[in-house]
Amino acid sequence: MKLLQVCAYTAQYSGNFIASLLALDQRLSARGVETMYLFPETVAETPWCQQLSRTRQVFFAGLNRFSYATFRQVKAAMAQADMIHSHFELYDCLCAFAKTRKQKLFWHLHDSFEENIDLPHQLINRFQYGVCGKKAIMISPNRYYADYTVSLGFPEKNVHIVDNCIDCSRLVSREALTKQYDFLVFGGFYKTKGLDILMDACRMLHKAGRSFKLAIVGYPQTWEYLDATYPDMACCTVRLAPSENVSAFYDSAKVFLSTSRRECFSYALLEALYKKLPAIVSDIPGNQWAKNFDTACFFETENPEALADRMAQLLTDNRFPSQALENTSAQIKAQYSCTAWAERIEEIYFA
């Protein structure tokens with residue numbers, strides 16, 4: 001039996017996503033399933049993709065989902081597969097078009113939806129989930145967004161909820177680092193991540209005379225946005241480029257911030273809680289799972305005043321004892337491991 005993982009994954013680093021697929025690959029191999037992969041052409045030269053290509057059959061496709069050439073690439077990769085698992089939505093419809101009657105198709109909904117969209121995108125979504133979705137089984141870490149696809153016509157009986165997972169082995173501290181920053185945020189996609197909400201809160205704290213350092217992990221576009229919009233906050237911020245060694249980010253900060261307007265299920269928040277950081281979290285549907293942990297505190301979404309209050313509280317008094325942070329870390333490790341995730345996906349494949 002052959003499985004094709006179709007992944008619209010464009011990151012420069014392998015991260016938790018590739019780690020989870022490899023855990024599943026290893027598990028399926030034990031029962032005689034051969035796993036193949038398809039990625040966008042843009043990642044063909046990345047170290048993680050090169051390494052994977054040494055031991056597995058890897059296909060590539062373009063990023064234009066409306067292109068017939070891309071469809072042909074996806075269809076050719078699917079030709080040998082008995083099961084197809086499409087991740088990150090981009091290739092979902094192409095997989096549905098190329099699917100034969102004997103093949104089993106899974107769609108993995110990793111991303112959140114922008115719900116206030118124009119009519120053309122509304123029609124695209126309805127076609128994707130209400131028409132093409134009839135051929136698929138959905139896996140999603142978030143009930144809220146899965147239900148949204150059901151409202152567009154996706155068959156409710158074909159929906160499975162599976163939490164995301166993290167690879168704890170990549171979060172081992174390589175050296176003892178001092179806490180250089182009061183706060184840490186991943187702000188690459190700055191509008192979705194609510195970076196403006198955070199910077200407004202920081203401006204309030206700065207004007208109130210509070211001293212702090214905020215580390216922002218971002219991209220050149222992030223820095224252009226900050227230079228244009230918040231030049232006065234350069235004194236309070238430190239700019240960090242993405243790195244495979246994400247553990248060093250968490251080790252260098254006292255508090256993690258997740259100020260997003262929307263999330264499906266944040267890998268970074270999971271990692272931060274595992275790394276024993278208290279977290280200040282926006283109260284959005286995609287973060288509700290974090291309410292199971294005492295070391296995550298919430299603020300009203302898109303409310304910079306409420307965020308500033310939370311940040312001021314933790315600057316004054318970090319009210320989370322070390323034992324509470326340890327307990328959260330242990331819970332995350334037990335509940336959100338790649339092994340547990342792979343077991344659940346395997347159950348769905350062969351249900």
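Modeller: A residue is called buried under 20% relative accessible area, exposed over 50% and partly exposed in between, using a 1.4 Å probe and protein chains only. This is a predicted model, in which local features need pLDDT of at least 70, side-chain atom pairs count only at pLDDT 80 or more, and totals for chains, interfaces and linings use all residues. Residues are numbered from 1 along each chain as its sequence is written, and side-chain values use heavy atoms, leaving out hydrogens and water.

Biologist: How many aromatic pairs does a search of the whole structure find?

Modeller: Rings of Phe, Tyr and Trp (its six-membered ring) pair if their centres lie within 6.5 Å; planes under 30 degrees apart count as stacked, over 60 as edge-to-face and the rest as tilted. The search finds 29 such pairs. One of them joins Phe-39 and Trp-48 edge-to-face, with 5.0 Å centre to centre and 80 degrees between the planes. Both Phe-39 and Trp-48 are buried.

Biologist: Which residues of helix H8 are buried?

Modeller: Helices (H or I, at least four residues) and strands (E, at least two) are DSSP runs, numbered from the N terminus. In H8, residues 220-229, the buried ones are Thr-222, Trp-223, Tyr-225 and Leu-226. Taking the directions from the helix axis to the C-beta atoms, the buried residues of H8 fall within an arc of 160 degrees, so they line one face of the helix. The face of H8 turned away from that side carries the exposed residues Pro-220, Glu-224 and Ala-228.
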